[in-house]
Amino acid sequence: MAQGTFDIIHPGHLHYLKKSAELGEKLTVVIARDSRVKERKDLVFTEEERRELVDSLEMVDKAVLGNKGDIYSTVEKINPDTITLGYDQKHDEEEVKKMAENATNHEVEVKRISGFQNYSSSNIKK
């Protein structure tokens, strides 16, 4: 399982998703809801447009919208063996692992994917 906003798809996103897909048999990508990121980001695309864009990528088996409330209910529903984090995501790996294992009732591996030329949707918009 990978997650993110994916507002403007760029080579850094493709790197993150490709490396995430290499870690398992299926890749489900959770798209951040507009309501969770609008205050922090000037979105170009709606959540459904972003979900559709990510879902069309070859390395992605399924893209879903995240939960509007508790983000770990999405983890419970998807029930991943591995969760990947992007190089620029501020989440603590051990904290994500603990919360994911509580949500799924099994061991969950958390992997941070390295950056790729420091692409950023925010910088591209500027």
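This is a predicted model: local features need pLDDT of at least 70, side-chain atom pairs count only at pLDDT 80 or more; totals for chains, interfaces and linings use all residues.
**Exercise 1. Decide how the rings of Phe6 and Tyr16 are arranged, and which parts of the chain they tie together.**

Solution. Begin with the rule: rings of Phe, Tyr and Trp (its six-membered ring) pair if their centres lie within 6.5 Å, and planes under 30 degrees apart count as stacked, over 60 as edge-to-face and the rest as tilted. By this rule the count comes to 1 aromatic pair. The centres of the Phe6 and Tyr16 rings are 6.3 Å apart and their planes stand at 15°, so the pair is stacked. Next, Phe6 lies in the loop between β1 (2–4) and α1 (11–21) whereas Tyr16 belongs to helix α1, so the pair ties together parts that are 10 residues apart in sequence. Finally, consider accessibility, for which buried means under 20% relative accessible area, exposed over 50% and partly exposed in between (1.4 Å probe, protein chains only). Phe6 is buried because its relative accessibility is 3%, and Tyr16 is buried because its value is 6%.

**Exercise 2. Describe the surroundings of Thr74.**

Solution. Thr74 is placed in helix α4 (residues 71–78), and with a relative accessible area of 8% this residue is buried. When neighbours within four places in sequence are left aside, Thr74 is in contact (heavy atoms within 4.5 Å) with Val30, Gly66 and Asn67.

**Exercise 3. Are Glu94 and Asn105 buried or exposed?**

Solution. Glu94, found in helix α5, counts as exposed at 57% relative accessibility. The C-alpha atoms of Glu94 and Glu109 are 9.6 Å apart in space, and the two residues are 15 residues apart in sequence. Asn105 lies in the loop between α5 (93–104) and β5 (109–112), and Asn105 is exposed, with a relative accessible area of 70%. Asn105 also has a positive phi, of about 60°, although it is not a glycine.

**Exercise 4. Work out how the 126 residues of the chain are organised overall.**

Solution. Start with the elements: the chain has 6 helices and 5 strands, which run β-α-β-α-α-β-α-β-α-β-α from the N terminus on. For the overall dimensions, a compact globule of 126 residues would have a radius of gyration near 14 Å, and the chain has 14 Å, which agrees; the radius is taken over C-alpha atoms, and the globule rule is 2.2 Å times the number of residues to the power 0.38. The C-alpha atoms fill a box of roughly 40 × 30 × 25 Å along the principal axes. Buried residues make up 41% of the 126 residues. Lastly, among contacts between residues at least 6 apart in sequence, 72% join residues at least 24 apart.

Definitions and conventions
Residues are numbered from 1 along each chain as its sequence is written. Side-chain values use heavy atoms; hydrogens and water are left out. Helices (H or I, at least four residues) and strands (E, at least two) are DSSP runs, numbered from the N terminus.
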